[in-house]
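Please find below a colleague's note on the model, arranged as numbered points.

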Amino acid sequence: MTRVTVLVPIARLGGIDVLFDGLARQTFKDYELVLVDAWADLRRDAVRGEADRRRISLAAHVKPERRGLAHALNVGVRHAQGEIVCPLNDHHWPPPTWLERHWGAYESSQGRFTANGFAYHRRPPPLKPSGQPPEAYATSLFREPFDGDRISDYPILYEETLAWTTTPRIPVRSKLHGLYTSWGREFYNTLNNAIPIEVLLRLNGYDETYDQSRAYLDVDMGLRAEALGHRFLLDTENIVHVLAHEELDAALGALWKPYFTFPRPHEENMAYLNRRLGEAEAVLRAPGLDLRELRRGTIGR
């Protein structure tokens, strides 16, 4: 069995250069790549050729049946052969030890834990001029070939550190340094995290209701995994570098805008999550007399 599936749902053009540069540098080699790509028909041959050139194990490159991140992730889960799944977004550059650390956290806990990591969002290098046909942006949006050795040349716009604090987090004893306790609400999907395939399958994948809007899909998955007994760690030394989507969208986003246009406001996803949590609480409570009311009658408060 393959140890890790790198699962990347894609709705933007470009980004193949960034992803493949990072994957080609990985110290951990027992992985496969599954791309669920809205632009697969446009760039399938080019992506396969680049994967072969860089010796990247491209297990599947498929187009989703419809729009939506949850749907794309579920399509990827159906193709995944890895013991754990590491979802990643487009234009994310994983450093060489990215997979080594994710697998190490999982293996050292005997499968009980997977890790959430950090992401630094950086200003992209100069982009190709706008106004060209989609084919011009198929594998790269940049004027010059992308080179991960220059990642530190691109200024950090902001750091996504999952509200990192040293307290109340507890350090975790492990062969890896930098591991602390985390929780399901910090499962920021496709940012920099991992989850066992068995957990995804037992939960029947991602809830595609969340494709009605932005947000809360990842929190839902993290909380459901936690309710099932899975636990998360925070790996403060595992940092993925993101070429800021805001900058890419501002310059070229008209090409992929339809994929990021939602029929409903994000508040509807928030309300849906709250209803789901309420249903889960009801299931967790044992049937019978309401002990809270009986207790109030017994002790007067």
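The points below begin with the basis of the values and then turn to the rings and the helices.

1. This is a predicted model, in which local features need pLDDT of at least 70 and side-chain atom pairs count only at pLDDT 80 or more, while totals for chains, interfaces and linings use all residues. Residues are numbered from 1 along each chain as its sequence is written, and side-chain values use heavy atoms, with hydrogens and water left out.

2. A search of the whole structure gives 6 aromatic pairs, where rings of Phe, Tyr and Trp (its six-membered ring) pair if their centres lie within 6.5 Å, and planes under 30 degrees apart count as stacked, over 60 as edge-to-face and the rest as tilted. One of them joins Trp39 and Tyr259, whose ring centres are 5.8 Å apart with planes at 65 degrees, so this pair is edge-to-face. Because Trp39 lies in the loop between strand E2 (31-37) and helix H2 (40-54), and Tyr259 in the loop between helix H7 (245-252) and helix H8 (266-284), the pair ties together parts that are 220 residues apart in sequence. Helices (H or I, at least four residues) and strands (E, at least two) are DSSP runs, numbered from the N terminus.

3. Trp39, at 13% relative accessibility, counts as buried, whereas Tyr259, at 28%, is partly exposed; buried means under 20% relative accessible area, exposed over 50% and partly exposed in between (1.4 Å probe, protein chains only).

4. The rings of Trp103 and Tyr106 have centres 5.3 Å apart and planes at 50 degrees, so that pair is tilted. The two residues are 3 apart in helix H4 (residues 98-108), which means that about one helical turn separates Trp103 and Tyr106. Both Trp103 and Tyr106 are buried, and together with Phe28 they form one aromatic cluster.

5. Helix H4 is mostly covered, with 8 of its 11 residues buried, among them Trp98, Leu99, Arg101 and His102. Just after H4, Gln110 takes a positive phi of about 55 degrees.

6. The axes of helix H6 (residues 217-227) and H8 come within 11 Å and cross at roughly 10 degrees, so H6 is roughly parallel to H8. Axes are lines fitted to C-alpha atoms, for helices over the stretch in contact, and angles run from 0 to 180 degrees between N-to-C directions; under 35 degrees counts as roughly parallel, over 145 as roughly antiparallel, 65 to 115 as roughly perpendicular and the rest as oblique.

7. In contact terms (heavy atoms within 4.5 Å), Val219, Asp220, Leu223 and Arg224 of H6 meet Leu273, Arg276 and Leu277 of H8.
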